[in-house]
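Please consider the following structure with attention to its strands, its charged pairs and its surface.

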Amino acid sequence: MAIVAGSTVLLKIYDGASAYNTIGAGTTTSVTHNNQPITTKNKDSVWNTILDLPGQKDVTIELSCHVQDNGDDTGYEDLKALVDSTTDIRELFEFVLGDGEKLSGTFAVTNHTLNGADSEAATFSATFTSSGAITRASV
């Protein structure tokens, strides 16, 4: 298995028409698949039983990226507009992983922080939580 560099993870946001614009290349990335099983127990036992049903699922992605704001690709501007929205914080996103896989679907931006220091490239960190089914595909 090849080692995947964190910088090869790309975050893309849907442009509302037909394409995904790159927001940034990841410097650190964490993808968590959450499964909340359905449990049951009867009054005569202290033991829970997990039902053979999928329960609730979601995906949480936390990442830090270099800000890409070159004027040609409006991805970061689209992300900031989504964060500032007073009506909806959900949008279609693609997370292109360096191993040739991508996760796509509707995600809510639940956290966004812009970071900058003297003599360093600007970065931002953000947390995305899925809203609905996520598609996993090869790129």
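The paragraphs below treat strand pairing, then salt bridges, then a surface patch.

The model is predicted: local features need pLDDT of at least 70, side-chain atom pairs count only at pLDDT 80 or more, and totals for chains, interfaces and linings use all residues. Residues are numbered from 1 along each chain as its sequence is written, and side-chain values use heavy atoms, with hydrogens and water left out.

Helices (H or I, at least four residues) and strands (E, at least two) are DSSP runs, numbered from the N terminus, and two strands count as paired if DSSP finds at least two bridges between them. Strand β6 (residues 90-97) pairs with β7 in the antiparallel sense through eight bridges; here phenylalanine 95 has leucine 103 of β7 as its bridge partner. Three residues lie between the strands of this hairpin, in which glycine 100 adopts a positive phi near 90°. Strand β8 (residues 123-130) is likewise antiparallel to β7, again over eight bridges, and alanine 108 stands opposite threonine 129 of β8. β7 and β9 also run antiparallel, joined by four bridges, with serine 104 partnered by threonine 135 in β9.

The charged pairs come next. The structure contains four salt bridges, each defined as a side-chain nitrogen of Lys or Arg within 4 Å of a carboxyl oxygen of Asp or Glu. One of them links glutamate 101 to arginine 136, with the closest N and O atoms 3.1 Å apart. Because glutamate 101 lies in β7 (residues 101-115) and arginine 136 in β9 (residues 135-138), this pair ties together parts that are 35 residues apart in sequence. In terms of accessibility (buried is under 20% relative accessible area, exposed over 50%, partly exposed in between, with a 1.4 Å probe and protein chains only), glutamate 101 is buried at 18%, whereas arginine 136 is partly exposed at 48%.

Another salt bridge joins glutamate 94 and lysine 102, at 3.2 Å between the closest N and O atoms. Glutamate 94 is buried, at 10%, while lysine 102 is partly exposed, at 22%. Aspartate 88 and arginine 90 form a further salt bridge, at 3.0 Å between the closest N and O atoms; aspartate 88 is partly exposed at 30%, as is arginine 90 at 42%.

On the surface, Ile38, Leu51 and Leu53 make up a nonpolar patch with about 230 Å² of accessible area together. Patches consist of residues with over 30% relative accessible area and no salt bridge, like charges being joined within 9 Å and nonpolar side chains (Val, Leu, Ile, Met, Phe, Trp, Tyr) within 5 Å. Accessible areas come from the Shrake-Rupley method with a 1.4 Å probe, and for residues only the protein chains shown count as cover. Isoleucine 38 sits in the loop between β2 (20-36) and β3 (39-40) and is partly exposed, at 34% relative accessibility.
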